[in-house]
Amino acid sequence: MNEVKMEPLVIPSHLDSLDQIKDYVLAAAADANLEKKATYNLRLAIDEIATNIIKHGYPKANQEGEIQITAKIDEKTLTIYLEDTAIPFDPISRPSPCNLNDDLNDRPIGGLGIYLAKESVDQFLYERVDHGNRNIFIVNRP
């Protein structure tokens with residue numbers, strides 16, 4: 001199988017758009033023949049980062065924007081790119097919460113979604129490109 005690139009999806013950065021992102025990810029996972037658990041984990045990772053972009057990235061810049069999602073499938077991996085033009089934010093540089101076993105009431109808010117994204121895929125990368133953020137999710141195919 002040569003590399004297959006799905007048509008990119010560009011959507012407004014609104015919470016209502018999360019369903020379109022979910023549908024795109026599910027279609028890409030099906031095309032890549034991912035197993036159920038890998039599909040769930042990929043969907044979770046992308047949902048967490050997309051939600052952060054929508055709720056924090058654009059509002060902190062006092063702007064509205066779009067999110068572009070693109071999938072590439074090759075013989076070994078499914079790679080999904082999530083891109084935005086919100087404020088620069090590198091989730092890879094964020095430290096993982098160190099108190100995951102603490103009671104929910106004792107833990108500070110924040111960081112858990114990024115931790116879940118990092119742990120849910122085989123590789124999670126970030127790039128600052130031009131004037132935007134590119135989050136890259138890589139899942140090994142069976």
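Trainee: What is the accessible surface of the protein, and what share of it belongs to carbon and sulfur atoms?
Mentor: The accessible surface comes to about 8400 Å², and 47% of it belongs to carbon and sulfur atoms. Such areas come from the Shrake-Rupley method with a 1.4 Å probe, and for residues only the protein chains shown count as cover. This is a predicted model, in which local features need pLDDT of at least 70 and side-chain atom pairs count only at pLDDT 80 or more, while totals for chains, interfaces and linings use all residues. Residues are numbered from 1 along each chain as its sequence is written, and side-chain values use heavy atoms, with hydrogens and water left out.

Trainee: How many helices and strands does the protein have?
Mentor: There are three helices and six strands. Read from the N terminus on, the elements run β-β-α-α-β-β-α-β-β.

Trainee: What makes Met-6 count as buried?
Mentor: Buried means under 20% relative accessible area, exposed over 50%, and partly exposed in between (1.4 Å probe, protein chains only). Met-6 has 14% relative accessibility, so this residue counts as buried. Met-6 is in the loop between strand 1 (4–5) and strand 2 (9–12). Of the 142 residues of the protein, 41% count as buried.

Trainee: Which residues is Met-6 in contact with, leaving aside its neighbours within four places in sequence?
Mentor: Tyr-24, Ala-27, Ala-28, Asp-31, Thr-70 and Ala-71. Contact here means heavy atoms within 4.5 Å. The C-alpha atoms of Met-6 and Ile-69 are separated by 9.5 Å, and these two residues are 63 residues apart along the chain. For the protein, 66% of the contacts between residues at least 6 apart in sequence join residues at least 24 apart.

Trainee: Why are helix 1 and helix 2 called roughly antiparallel?
Mentor: The axes of helix 1 (residues 18–31) and helix 2 (residues 36–60) cross at roughly 150 degrees and come within 10 Å. The axes are lines fitted to C-alpha atoms, for helices over the stretch in contact, and angles run from 0 to 180 degrees between N-to-C directions. Angles under 35 degrees count as roughly parallel, over 145 as roughly antiparallel, 65 to 115 as roughly perpendicular and the rest as oblique. Helix 1 and helix 2 are therefore roughly antiparallel to each other.

Trainee: Which residues of helix 1 and helix 2 meet?
Mentor: Leu-18, Ile-21, Lys-22, Val-25, Leu-26 and Ala-29 in helix 1 meet Thr-39, Leu-42, Arg-43, Ile-46, Asp-47, Ala-50, Thr-51 and Ile-54 in helix 2. By class, this contact has nine nonpolar, two polar and three charged residues.

Trainee: What makes Ile-21 count as buried?
Mentor: Ile-21 has a relative accessible area of 3%, so this residue falls in the buried class. Ile-21 lies in helix 1. Leaving aside neighbours within four places in sequence, Ile-21 is in contact with Leu-9, Ile-11, Ile-46, Ala-50 and Ile-69. Ile-21 and Ala-50 are 8.4 Å apart, C-alpha to C-alpha, and 29 residues apart in sequence.

Trainee: How do you know which class Asp-47 belongs to?
Mentor: Asp-47 has 32% relative accessibility, so the class is partly exposed. Asp-47 lies in helix 2.

Trainee: Why is Glu-64 called exposed?
Mentor: Its relative accessible area is 66%, so Glu-64 is exposed. Glu-64 lies in the loop between helix 2 and strand 3 (66–73). Leaving aside neighbours within four places in sequence, Glu-64 is in contact with Ser-13, His-14 and Tyr-58.

Trainee: What is the phi of Asn-33?
Mentor: Asn-33 has a positive phi of about 60 degrees, although this residue is not a glycine. Asn-33 sits in the loop between helix 1 and helix 2. With a relative accessible area of 52%, Asn-33 is exposed.

Trainee: And what makes Asp-130 count as exposed?
Mentor: The relative accessibility of Asp-130 is 76%, so this residue counts as exposed. Asp-130 is found in the loop between strand 5 (123–129) and strand 6 (132–140). Asp-130 is not a glycine, yet has a positive phi of about 45 degrees.

Conventions
Helices (H or I, at least four residues) and strands (E, at least two) are DSSP runs, numbered from the N terminus. Ala, Val, Leu, Ile, Met, Phe, Trp, Tyr, Cys and Pro count as nonpolar, Asp, Glu, Lys and Arg as charged, and the others, Gly among them, as polar.
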